[in-house]
Amino acid sequence: MTLCPCGSDKPLSECCGPIIAGSPAPTAEALMRSRYSAFVTHQLDHIERSHAPEIREDFNRAEAERMAEECEWQGLEIRSATEDGDSAEVEFVIRFSRQNKDMIQLERSSFRRENGEWLYVGGEINPQGPQRVVNKVGRNDPCPCGSGKKAKKCCGTTTVLD
């Protein structure tokens, strides 16, 4: 029994194998897992076939083959998977070694379901979360707690106890 490379702890033949062979993936996450497994097992026809039509011509087969051959795949971690009707996003981390260097790739991929089949639409490598905005409160500004006092006389004070 060969375990599926996607990390599901299921046999490849019961997990990603049927999807790689052409069965439709039940979810965008299942498609993502099967795409990773296809890289690991060098079954790149599945990668190309699961691209959305508008990006299929951008698939660089030679580069994909080189990556599949040169990398030692160490694992897939799904961070989040959300589906909203016929669109989905999967955020994941891939760990691999290339030229004796351990590497990590974080990606947020977009998927679309057409005629009951999930397709890869695109991805953002190393996505950044929303930027945090912090409003600075000056000493003479009203306290943000809503007390009506100046910040320096309310929450902006520090009390030292002996």
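**Close-up views of a predicted model**

View 1. Pro 142 counts as exposed because its relative accessibility is 61%, and the cut-off for exposed is over 50%. The structure shown here and in the other views is a predicted model. Ten residues separate Pro 142 from Lys 152 in the chain, and the distance between their C-alpha atoms is 8.7 Å. When neighbours within four places in sequence are left aside, the contacts of Pro 142 are Val 137, Lys 149, Lys 150 and Ala 151.

**View 2. His 51, a buried residue in the loop between H3 and H4.** Helix H4 spans residues 53-56, and His 51 lies in the loop that runs between H3 and this helix. His 51 has a relative accessible area of 8% and is therefore buried, since the cut-off for buried is under 20%. Apart from neighbours within four places in sequence, His 51 is in contact with Arg 35, Arg 56, Phe 59, Leu 119 and Tyr 120.

**View 3. The hairpin of S1 and S2.** Strands S1 and S2 run antiparallel and are joined by twelve bridges. Leu 76 stands opposite Ile 94, a residue of S2. Two residues lie between the strands of this hairpin, where Gly 85 has a positive phi near 70°.

**View 4. S3 and its two partner strands.** On one side of the pairing, S3 is joined to S2 by twelve bridges, and the two strands run antiparallel. Phe 92 has Glu 107 of S3 as its bridge partner. The hairpin formed by S2 and S3 has two residues between the strands, and Gln 99 in the turn takes a positive phi of about 50°. S3 is also joined to S4, by eight bridges, and these strands again run antiparallel. Here Phe 111 has Tyr 120 of S4 as its bridge partner. In the hairpin of S3 and S4, two residues lie between the strands, and Asn 115 has a positive phi near 50°.

**View 5. The largest nonpolar core.** This core consists of 35 residues, and those with the most contacts inside it are Cys 16, Trp 73, Leu 76, Val 90, Phe 92, Ile 94 and Phe 111. At least two core residues come from each of helices H1 (17-20), H2 (28-40), H3 (44-49) and H5 (61-70), and from each of strands S1 (71-84), S2 (87-98) and S4 (117-125). H2 supplies the largest share, six residues.

**View 6. The largest pocket and its lining.** The volume of the largest pocket is about 600 Å³. Its lining is made up of 23 residues, and those nearest the centre are Arg 35, Phe 39, Gln 105, Glu 107 and Tyr 120. Two or more lining residues come from each of H2, H5, S2, S3 (101-114) and S4. H2 gives the most, with four residues. By type, the lining contains 14 nonpolar, five polar and four charged residues. Glu 107 is the bridge partner of Phe 92, Tyr 120 is the bridge partner of Phe 111, and both Arg 35 and Tyr 120 are among the contacts of His 51.

How values were computed:
Residues numbered from 1 in each chain as written. Predicted model: local features only at pLDDT ≥ 70, side-chain atom pairs only at ≥ 80, totals over all residues. Heavy atoms only, no water. Core = buried A, V, L, I, M, F, W, Y, C linked by side-chain atoms within 4.5 Å. Buried < 20%, exposed > 50% of the residue type's maximum accessible area, 1.4 Å probe, protein only. 1 Å grid on protein atoms, 1.4 Å probe; cavity = no way out; pocket = protein on both sides within 12 Å on 5 of 7 lines; lining within 4 Å. Points joined across faces, edges and corners; volume = space filled by probe spheres on them. Nonpolar A, V, L, I, M, F, W, Y, C, P; charged D, E, K, R; others polar. Pairing = 2+ DSSP bridges. Contact = heavy atoms within 4.5 Å.
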